[in-house]
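Dear colleague,

I am handing over the model below, and my notes on it follow directly after it. Please read them with the coordinates open beside you.

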Amino acid sequence: MKAFKAIIIDVFEKDRFINRYSLNNETISVGRHPHCDIVLANSSISRRHAFISYKNGQWTITNQGKNGVYFKGKEIDQQDIMADNEFLIGPYRLLIKKIAVDKSCNIEASGKEETFIANITRNIQN
């Protein structure tokens with residue numbers, strides 16, 4: 001049995017809400033390339049600008065772009081992620097809304113993953 005993990009990220013361009021992403025991949029790509037998990041369509045964004053990854057119970061963001069990822073006003077190479085953290089990538093702001101890890105959830109069991117993400121999303125919206 002593996003622990004189930006999920007992360008919910010709201011993306012803003014300046015102050016305008018763009019999209020909410022509910023993801024449970026162990027590696028999430030962020031960039032301009034249309035195959036990225038989080039697509040940021042701006043010329044200042046690298047094709048593969050950053051990766052968000054889950055390992056050993058911790059979510060981390062890693063810069064891969066030439067224009068940087070910023071956390072609390074400073075450019076970072078890598079940073080552990082917690083709920084309510086904000087990261088700036090070009091004109092975009094990524095707000096970490098929720099991080100969930102459920103060690104009791106058997107992700108091999110059919111349908112539990114989708115239900116777990118739906119419950120997390122519903123709780124955020126309320």
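In this predicted model, strand β5 (residues 50-55) has a covered face made up of Ala 50, Ile 52 and Tyr 54, and an uncovered face made up of Phe 51, Ser 53 and Lys 55.

Residues are numbered from 1 along each chain as its sequence is written. Local features need pLDDT of at least 70 and side-chain atom pairs count only at pLDDT 80 or more, whereas totals for chains, interfaces and linings use all residues, and side-chain values use heavy atoms, with hydrogens and water left out.

The sheet around β5

Strand β5 belongs to an open sheet of 5 strands in the order β4-β3-β5-β6-β9, with mixed pairing, where two strands pair if DSSP finds at least two bridges between them. The edges are taken by β4 (38-39) and β9, each of which has a single partner strand, so one side of each is left without a neighbour in the sheet. In general, the strands of a sheet pair through backbone hydrogen bonds, either parallel or antiparallel.

On one side of β5 lies strand β3 (residues 27-31), joined to it in the antiparallel sense by 4 bridges, with Val 30 opposite Ala 50. Val 30 also stands opposite Ile 38 in β4, and the pairing of β3 with β4 is parallel, over 2 bridges. Strand β6 (residues 58-63) pairs with β5 in the antiparallel sense over 6 bridges, and here Ala 50 stands opposite Asn 63. The hairpin of β5 and β6 has 2 residues between the strands, and in it Asn 56 takes a positive phi near 50°.

The loops

Two further residues other than glycine have positive phi values: Lys 72, near 55°, and Asp 84, near 75°. Lys 72 is placed in the loop between β7 (69-71) and β8 (74-76) and counts as exposed, at 71% relative accessibility; Asp 84, in the loop between β9 and β10, is likewise exposed, at 61%. The cut-offs are over 50% relative accessible area for exposed and under 20% for buried, with partly exposed in between (1.4 Å probe, protein chains only).

Asn 85 is also found in the loop between β9 (78-80) and β10 (86-89), but Asn 85 is buried, with a relative accessible area of 13%. The side chain of Asn 85 reaches the backbone nitrogen of Met 82 at 2.7 Å. Leaving aside neighbours within four places in sequence, Asn 85 is in contact (heavy atoms within 4.5 Å) with Phe 71, Asp 80, Leu 94, Leu 95 and Ile 96.

The chain as a whole

The protein chain has 1 helix and 11 strands, and its elements run from the N terminus as β-β-β-β-β-β-β-β-β-β-β-α. Buried residues make up 41% of its 126 residues. Among contacts between residues at least 6 apart in sequence, 40% join residues at least 24 apart. The chain exposes about 7,300 Å², of which carbon and sulfur atoms supply 45%, the areas coming from the Shrake-Rupley method with a 1.4 Å probe; for residues, only the protein chains shown count as cover.

Definitions and conventions:
Polar contact = N/O pair within 3.5 Å; in protein donor to acceptor, adjacent residues only side chain to side chain.
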